[in-house]
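Subject: Structure handover

Hello,

I am passing on the structure we talked about. Please open it first and keep it beside you while you read the notes.

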Amino acid sequence: MDIFGINIIAVLLATLGFMVVGFVWYGPLFGKRWMALNGFTPEKMGDVNVPVMMAKGLTNSLVAAIGLSLVLNWKGAEGLLASVKTAFLVWLFFSATTALLAHIYEKQKLELTLIHFGNQLTAYLLAGAIISFF
């Protein structure tokens, strides 16, 4: 089922891909380091409204997946390689530059910025790959 040239199933699966990458990235892979760099403790994290946080993350991932799908459609990217290359460029020119602003202007530690870069790059490449199959 397509709407505005994007496949809804592909977008939903890409959204799931964004969420899974984030879960793994900020959980088992870099969760402890991410928490330390942010000054988070398990006690502070206990005050977080997890359902609201997850709903916001899901919405953000859905918007990113829709946007990537639109770009891939507009570009006419066909196949895995073309989709992944385009996803990389979208990440580089939009996601990475936006994430870098926190390092530049908010003095975010470079290591934390690099953790965010890795998460987003991995998620965009996976989403591009998923969308390429539809």
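This is a predicted model: local features need pLDDT of at least 70, side-chain atom pairs count only at pLDDT 80 or more; totals for chains, interfaces and linings use all residues.

Residues are numbered from 1 along each chain as its sequence is written, and side-chain values use heavy atoms, with hydrogens and water left out.

The whole chain

There are six helices and two strands in the chain. Helices (H or I, at least four residues) and strands (E, at least two) are DSSP runs, numbered from the N terminus. In sequence order the pattern is β-β-α-α-α-α-α-α.

The C-alpha trace spans about 45 × 30 × 25 Å along its principal axes.

Of the 134 residues, 34% are buried. Buried means under 20% relative accessible area, exposed over 50%, and partly exposed in between (1.4 Å probe, protein chains only). Among contacts with a separation of 6 or more, 76% are between residues 24 or more positions apart; contact means heavy atoms within 4.5 Å.

Helices α1 and α2

Helix α1 covers residues 8–29 and helix α2 residues 31–38; they pack at an angle of about 80°, with their axes 4 Å apart. Axes are lines fitted to C-alpha atoms, for helices over the stretch in contact, and angles run from 0 to 180 degrees between N-to-C directions. The two helices, α1 and α2, are therefore roughly perpendicular to each other, a label for angles of 65 to 115 degrees (under 35 is roughly parallel, over 145 roughly antiparallel, the rest oblique).

On the α1 side, Trp25, Tyr26, Gly27 and Leu29 meet Gly31, Lys32 and Trp34 of α2.

Two loop residues

Phenylalanine 4 sits in the loop between β1 (2–3) and β2 (6–7). Its phi is near 55°, a positive value in a residue other than glycine. Phenylalanine 4 is exposed, with a relative accessible area of 76%.

Lysine 107 belongs to the loop between α5 (80–105) and α6 (110–132). Phi of lysine 107 is near 60°, a positive value in a residue other than glycine. Lysine 107 counts as exposed, at 74% relative accessibility.

Regards
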